[in-house]
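Subject: Structure for your files

Dear colleague,

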Amino acid sequence: MMKKRLAAIVTAVMAVILAAVFLGSCSEQPTPEERGYTVKVTYDFNDGDGDGESTKRVFYYKPDTPMMKPGDSAEFTIPSRGAAYTVACWRRALLDDTGTPLRSESGEILTEDEVFDFATARATESMMLIAEWKRNPTVTIHVDGREPDVRAYTEGETVNRFSYMKNRRDDNGNVEYTFYDYYIDSGLTEKVSWPLVMGDGENIDIYTKWLPGDVLIIREASDLSKISDYQNKTIYLDADIDCSENKTGFPTLRQFSGKFMGNGHTLKNITKDVTLSRTVTGFGLFGEVKQGAEITDLTLENMTVSVRVTLPATYDVGLLATRVTGDAKITGLTFTGCSVTYEMLSSAEGAYLRYSKDTEYEGAVGSIDDGKTLEFTVTPESGKIDFSALA
């Protein structure tokens, strides 16, 4: 039965199209009415663009033949109002005796209450059909400097976190902004809780936050392996990290002149075994802290450093830095259960460890070069770093 109806519609479509072509090819040819196409049906797209050229389409049918539904053929496409809308149904317009549609006080065309059924409809009399639109659930992604990205979904559809957002680069290919995260508000105070489940007709606006420059965002232990590539850039700690979950733990840097933004998060369970010698003359998690470096708002929890001294020399040892060789900033630090234990081998008689004893940064920094300034603060919750010889 379905195949017969489809064949009938296709035949009707071809007949209507041929009639239209025949009508426009020569003024001497008979009109559609003269050829038997006497039923006029006007499809009003009701603000939809239809074929992109008009808001209405008019077709002539032979009496009692199946009627086309927009989308039944490539020549008669479904009208569009962009991704945010789809046609929910068609309704028949109420017409006066002259065939003019009746309108409400607000100017809208009045229609029958019943939805027009194309499956059973036949062209028995001239009529006008009005498209009724339904707003799709949409997600609108806002990025400064770009047109909003509107994406349409169906009711009840699950939307997972978007992964297509890339860092923004300048004309030379350098990273100008690093994408940080999605927010539900334009003030960027509340992150999106994924996944989203779309409601009927719902529009969700999502806003994006960007960090200036090329930034390493650490959200899980595996991200720690990238730190060495950012020792002169910005590192942004976005979660509490158990460093024991990374195969190599927290890498020990030789030097650091960038920014490490702890954002109140914690690095915990860092274990380091260090042997000091002619080639290894000190220890600090960030190595030599240079001019302009910043390490801020970070908690170190359960960090233990075991040091073996093999030769007589002066060594710089601190949890964070071997030496500070330029004006730098280490502020908002919290130390919990952190310790440095050292062992002097017999071969190291006369060796000396510098760890900024009797200063506010004792155990955190090995030494500071003369004339250099270190802004250093700890939180009220911070404990002291236990710096002691192996018992």
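Arg-151 is partly exposed, at a relative accessible area of 27%. Here buried stands for under 20% relative accessible area, exposed for over 50%, and partly exposed for what lies in between (1.4 Å probe, protein chains only). The areas are computed by the Shrake-Rupley method with a 1.4 Å probe, and for residues only the protein chains shown count as cover. Arg-151 forms a salt bridge with Asp-149, with 3.1 Å between the closest N and O atoms. Asp-149 is also partly exposed, at 26%. A salt bridge is taken as a side-chain nitrogen of Lys or Arg within 4 Å of a carboxyl oxygen of Asp or Glu.

The model is predicted: local features need pLDDT of at least 70 and side-chain atom pairs count only at pLDDT 80 or more, while totals for chains, interfaces and linings use all residues. Residues are numbered from 1 along each chain as its sequence is written, and side-chain values use heavy atoms, with hydrogens and water left out.

Arg-151 also has a place in the strand pairing: in S7, Arg-151 is the bridge partner of Val-139. Strands (E, at least two residues) and helices (H or I, at least four) are DSSP runs numbered from the N terminus, and two strands pair if DSSP finds at least two bridges between them. Strand S6 (residues 138-142) pairs with S7 in the antiparallel sense over four bridges. Both belong to an open sheet of five strands with mixed pairing, in the order S7-S6-S12-S10-S9. Strand S7 (149-152) and strand S9 (168-169) are at its edges; each has a single partner strand, so one side of each lacks a neighbour in the sheet.

Other strands pair in the parallel sense. Strand S19 (residues 282-283) and strand S23 (residues 314-317) are joined by two bridges and run parallel, with Val-317 of S23 as the bridge partner of Phe-283. S23 also pairs with strand S27 (residues 352-354), again parallel, over three bridges. In that pairing, Tyr-315 is opposite Leu-353 in S27.

Back to the salt bridges: the count is 14. One of them joins Lys-233 and Asp-214, at 3.0 Å from N to O. Lys-233 lies in the loop between strand S13 (215-218) and strand S14 (234-237), and Asp-214 in the loop between strand S12 (203-212) and S13, so this pair ties together parts that are 19 residues apart in sequence. Lys-233 is partly exposed at 32%, and Asp-214 is partly exposed at 22%.

Glu-125 and Arg-92 form another salt bridge, their closest N and O atoms being 2.8 Å apart. This pair links distant parts of the chain, 33 residues apart: Glu-125 is in the loop between S4 and strand S5 (127-135), and Arg-92 is in strand S3 (residues 85-93). Glu-125 is partly exposed, with a relative accessible area of 41%, whereas Arg-92 is buried at 18%. There is also a network of salt bridges that links Arg-161, Asp-181, Lys-191, Arg-219 and Asp-238.

Last, the surface charge. Glu-112, Asp-113, Glu-114 and Asp-117 form a negative surface patch. Patch residues have over 30% relative accessible area and no salt bridge, with like charges joined within 9 Å. Glu-114 is in strand S4 (residues 111-115) and is exposed, with a relative accessible area of 62%.

Regards

Terms used
Patches are made of residues with over 30% relative accessible area and no salt bridge: like charges are joined within 9 Å, nonpolar side chains (Val, Leu, Ile, Met, Phe, Trp, Tyr) within 5 Å. Lys and Arg count as positive and Asp and Glu as negative; His and the chain ends are not counted. The place of a charge is taken as NZ of Lys, CZ of Arg, CG of Asp or CD of Glu.
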